[in-house]
Amino acid sequence: MKVGVPKEIAEGERRVGIVPETVAKLVKDGFEVLVETGAGRDYNLDENYEDAGARVVDGVGEIYGEADLVVKVARPTEDEIGKMHEGLVLVCFINGPQNAEVVKALADAGVTVFSNEAIPRTSVAQAMDALSSMGSIAGYKTALIAANNLGKYVPMLSTAAGTTKAAKVMIFGVAVAGLQAIAIMNRLGGEVFAYDIRPETKEQAQSLGATFIDSEDEKEEDGQEDEYEEYRPTGFRKFMASLGFYSFAEPPRDEYIVEGEEEDEEDEDEEEDEGWSKEKLEEDQKLIRERMKEMDIVITTALVPGRKAPQLVDKAMVESMKPGSVVVDLAAESGGNCELTEPGEVVEHQEVRILGPVNLPSEMPIHASQLLSRNMYNLIGHITEDQAEEKDEKDVTLALDFEDEIIDKTCIAHDGEVRHEPTREALENASKESEAR
C-alpha cells in the first residue's frame, strides 16, 4: 500500500502531513511512501525522507496518480482534485460544512475523504486527534502574540524606577487552546482570568493558575451568601443535653445542615443540574462586562467545529477597555469571537488593538508537522490492517469498518457519496439559496 505526501500549496501553509520520523515507522509497517520533492521545505529535507525510506518524486501528479492514501494538511484545490484517481483515500483538514462543495467534488471523483476536524473527542481517538494537537500550538502562539503587542510588561517587575503591575489577562474558552494560553500567560507572570460556559472547565482553569470568573464566587466574597449557623441547643434540649442525653444536642435535620452532610446534598444537586442555570449565566455575563474594563489582554479561543464561531466580545466591551489594551481572536478564520475581528488583520478601535491571526500552527511548522504526523500515523494504523499470513511478510490493505465510531465519524465521503450529515445540510442549503436567486 502506497502513502503519498504532497507539498502544500495553500498560501502561508508551511506544514507537511508526514515527517521523516513517521516515514521510517510506515516503511517498517509495510507501507511504501512517496514524497513530493520540497514537501518538508527547509526543515525536513528530501535527503531526510530518503534516509527514512521514502521515494522522493518530482511532481504532485505522481503522488496523486500512484498513491493509495494521501496525507495532506490543507484541503485540496480544484486542480489537485483533477489529478486524483478513483478509490484514493485522502486525509486532511477540510472542514466539511464550510467547504461542502470541495467535499462534493471529491466524492464525485470517487475519493474517500477523512476529515481531521471530524475525529471524535474520545479517549480511544485521542492519539489521532490532530485538532487538539494544533489547538495546543495555536494557544501557545496566541499568548506570545498578545504579549508582543502589549505596550507594557506582562509580569510584575521591580526596577530602579519603581514597580510595574502585572498585566491582567482574560481568556475566553477553556479547551485545548485556552488551557495552553492560560499556562503560557501564567508562566509569563500575568494575572490570569478565564471563563467558559461549561462547569467542568472551572477546575481545569484553576489548576493552571487562572482565576475563574464566577458570579457565585463574587457573591460569597461580598458576604451575600448565607454562612452556616452554628447550632446551640436551648430550653428543654439544653437541659436534657446537660444531663448526658447527648442526642438532644444534635440539631433538627429540617432546620440545620449537619457538618459532613452538606457534601452529599451538593452531589445530589450536581446530578440533577449538569450545567449552570440561565440566571447564573446572565449574572456571569454582567460580571465579565465589568471585569473587561480592567483587562490589558483578552484572548478568545471558542471554536465549534463546522460552525461559525460564537460572538463573545461585542463592540461595547471593546470600547470599555483601557487604551493600549489588546484583543487576540483565535477564532478569526471561523467568523471571530469578537465583533470587530477581521481575519488576518489588525483593527484599531478607540485605542484598542484587535488581532485576528490565521493558521497559527503553520507559524511553528517543525513541531506542528511532527505532532500532526504522529496523529496521522495512528489514524493510518486504525484504518488499515496487515493481512500477511507469514510473520516476516507485510501485506497492508485498507480496512474500513463503518461500525467503528472513529471511522464512521471521520470518513465524510466514500463510494461517491457525502456521508457527513452537517456537510450534506450545507450542500442542501446552498442549493436552496441558489434556486431562490
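The following dialogue examines how terms are applied to this predicted model.

Tutor: In this predicted model, local features need pLDDT of at least 70 and side-chain atom pairs count only at pLDDT 80 or more, while totals for chains, interfaces and linings use all residues. Residues are numbered from 1 along each chain as its sequence is written, and side-chain values use heavy atoms, with hydrogens and water left out.

Student: What makes up the secondary structure of the chain?

Tutor: The chain has 16 helices and 19 strands. These are DSSP runs numbered from the N terminus, with helices (H or I) of at least four residues and strands (E) of at least two.

Student: Why is Thr22 called buried?

Tutor: Buried means under 20% relative accessible area, exposed means over 50%, and partly exposed lies in between (1.4 Å probe, protein chains only). Thr22 has a relative accessibility of 1%, and therefore counts as buried. Thr22 is located in helix H1 (residues 20–28). Of the 437 residues in the chain, 43% are buried.

Student: Which residues does Thr22 contact, leaving aside neighbours within four places in sequence?

Tutor: Contact means heavy atoms within 4.5 Å. With those neighbours set aside, Thr22 is in contact with Ser373, Arg374 and Tyr377. Across the chain, 63% of the contacts with a separation of 6 or more are between residues 24 or more positions apart.

Student: Is Ser362 buried or exposed, and how do you know?

Tutor: Ser362 has a relative accessible area of 4%, so the residue is buried. Ser362 sits in the loop between strand E15 (352–355) and helix H14 (365–383). Not counting residues up to four places away in sequence, Ser362 touches Gly12, Glu13, Arg14 and Arg15.

Student: Is Gln126 buried or exposed, and how do you know?

Tutor: The relative accessible area of Gln126 is 59%, so the residue is exposed. Gln126 belongs to the loop between strand E6 (112–115) and helix H6 (130–149). The C-alpha atoms of Gln126 and Asn378 are separated by 9.6 Å, with the two residues 252 apart along the chain.

Student: Why is the pair of Lys2 and Glu66 called a salt bridge?

Tutor: A salt bridge is a side-chain nitrogen of Lys or Arg within 4 Å of a carboxyl oxygen of Asp or Glu. The closest N and O atoms of Lys2 and Glu66 are 3.0 Å apart, and the pair forms a salt bridge. Lys2 lies in strand E1 (residues 2–5) and Glu66 in helix H3 (residues 60–66), so the pair ties together parts that are 64 residues apart in sequence. Lys2 is partly exposed at 22%, as is Glu66 at 29%. Lys2, Glu32, Arg55, Glu62 and Glu66 are linked in a network of salt bridges, and the structure holds 28 salt bridges.

Student: What is the separation of the closest N and O atoms in the salt bridge of Lys141 with Glu363?

Tutor: The closest N and O atoms are 3.9 Å apart, and Lys141 forms a salt bridge with Glu363. Lys141 lies in helix H6 and Glu363 in the loop between E15 and H14, so the pair ties together parts that are 222 residues apart in sequence. Lys141 is buried at 16% relative accessibility, whereas Glu363 is partly exposed at 45%.

Student: What makes Lys152 and Asp296 a link between distant parts of the chain?

Tutor: Lys152 forms a salt bridge with Asp296, with the closest N and O atoms 2.9 Å apart. Lys152 is in the loop between H6 and strand E7 (157–159) and Asp296 in the loop between helix H12 (278–292) and strand E12 (297–300), with the two residues 144 apart. Lys152 is partly exposed at 43%, whereas Asp296 is buried at 5%.

Student: Which residues form the nonpolar surface patch?

Tutor: Patches are made of residues with over 30% relative accessible area and no salt bridge; like charges are joined within 9 Å and nonpolar side chains (Val, Leu, Ile, Met, Phe, Trp, Tyr) within 5 Å. Tyr140, Leu144 and Leu188 make a nonpolar surface patch of about 210 Å². Leu188, in helix H7 (residues 176–188), is partly exposed at 31% relative accessibility. Accessible areas come from the Shrake-Rupley method with a 1.4 Å probe, and for residues only the protein chains shown count as cover.

Student: Why is the patch that includes Glu385 and Glu393 called negative?

Tutor: Asp and Glu count as negative and Lys and Arg as positive, while His and the chain ends are not counted. The place of a charge is taken as NZ of Lys, CZ of Arg, CG of Asp or CD of Glu. The patch is formed by Glu385, Asp386, Glu389, Glu390, Asp392, Glu393 and Asp395, and is therefore negative. Glu393 is partly exposed at 46% and lies in the loop between strand E16 (384–386) and strand E17 (396–398).
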